[in-house]
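Biologist: I have a model on my screen and want to learn to read it. Can we take it feature by feature?

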Amino acid sequence: LVSRAVTGRLKPMVQAMALFSRTQVVTLLPYHRQDEIGLLACSLNDMQATVVATLKALNESPKNLKHLAQHDSLTGLPNRALVEDRLQQATAQTRRAQSHVALLFFDLDGFKSMNDRYGHHVGDLLLKEVDRRIRDCVRTADTVGRLGGDEFVVLLSYVAHAQDAMRVAEKICIALHQPLALDDQQLVIAASIGVAICPEHGHDAQTLSQHADAAMY
């Protein structure tokens, strides 16, 4: 009778742990008892929660590492590696669909002097505001990236005419030139922009990048 009384309370715990071992389905065990059985149930509940959280973190870790490897840590924008990959895909697609894409290179005028004068904190806030203003000027399907420092890039997909890319560049210039208040400072910035069109200025990512960089300078 004593053995049956003890094993009867343990049997649901054994079944719950067997189910969790096979499927990672959590079964909340009754832990309101104040004896050893209640303490065991509480410990098993904690163990299930810990294992589930650990498995979730392990599954998400590769995704997080991939995101960090492909995005700028300050703005969260695609970095040089991801932009180049998307540019290669876009140029390959233009050859198949006989469409056009445009590549815009940006360089902020006077950013270094502002960074030196007001400090890196204000410089970081400025770069984040530049990111926001550029993204407000383009479509969701377009790519805005940061190459490093004060260099940004925009990849415009499905451009009908070269003039369309120029209009986007002018729109971004106007948006960036609007005064902005950062950390009690009123700042005015401008940007130099170079535009390259595929296939007019090249059929591959490297040639387009070189053309856009030269046009920017």
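Modeller: Start with strands. Two strands pair if DSSP finds at least two bridges between them. Keep in mind that this model is predicted.

Biologist: In which sense do E2 and strand E3 pair, and over how many bridges?

Modeller: E2 and E3 (residues 151-156) run antiparallel, with five bridges. Take valine 144: its bridge partner in E3 is valine 154. Two residues lie between the strands of this hairpin, and glycine 149 takes a positive phi near 60° there.

Biologist: How many residues of strand E2 are buried?

Modeller: Buried means under 20% relative accessible area. In E2 (residues 143-148), five of the six residues are buried, so the strand is largely enclosed by the rest of the structure.

Biologist: What should helix H5 span?

Modeller: Count 1.5 Å a residue. H5 (residues 120-136) has 17 residues, so it should span 24 Å; its end C-alpha atoms are 24 Å apart, which agrees. Its buried residues include Val122, Leu126, Val130 and Ile134.

Biologist: How many disulfides does the structure hold?

Modeller: A disulfide is a covalent bond between the sulfur atoms of two cysteines. This structure holds zero. Cysteine 198 is buried, at 1% relative accessible area. Cysteine 42 is partly exposed, at 30%.

Biologist: Where is valine 26, and which residues does it touch?

Modeller: Valine 26 sits in the loop between helix H1 (2-23) and helix H2 (36-70). Leaving out residues up to four places away in sequence, valine 26 touches Phe20, Gln48 and Val52. At 45% relative accessibility, valine 26 counts as partly exposed.

Methods:
Residues are numbered from 1 along each chain as its sequence is written. This is a predicted model: local features need pLDDT of at least 70, side-chain atom pairs count only at pLDDT 80 or more; totals for chains, interfaces and linings use all residues. Side-chain values use heavy atoms; hydrogens and water are left out. Helices (H or I, at least four residues) and strands (E, at least two) are DSSP runs, numbered from the N terminus. The expected span of a helix is 1.5 Å times one less than its number of residues. Buried means under 20% relative accessible area, exposed over 50%, partly exposed in between (1.4 Å probe, protein chains only). A disulfide is a pair of cysteine sulfur atoms within 2.5 Å. Contact means heavy atoms within 4.5 Å.
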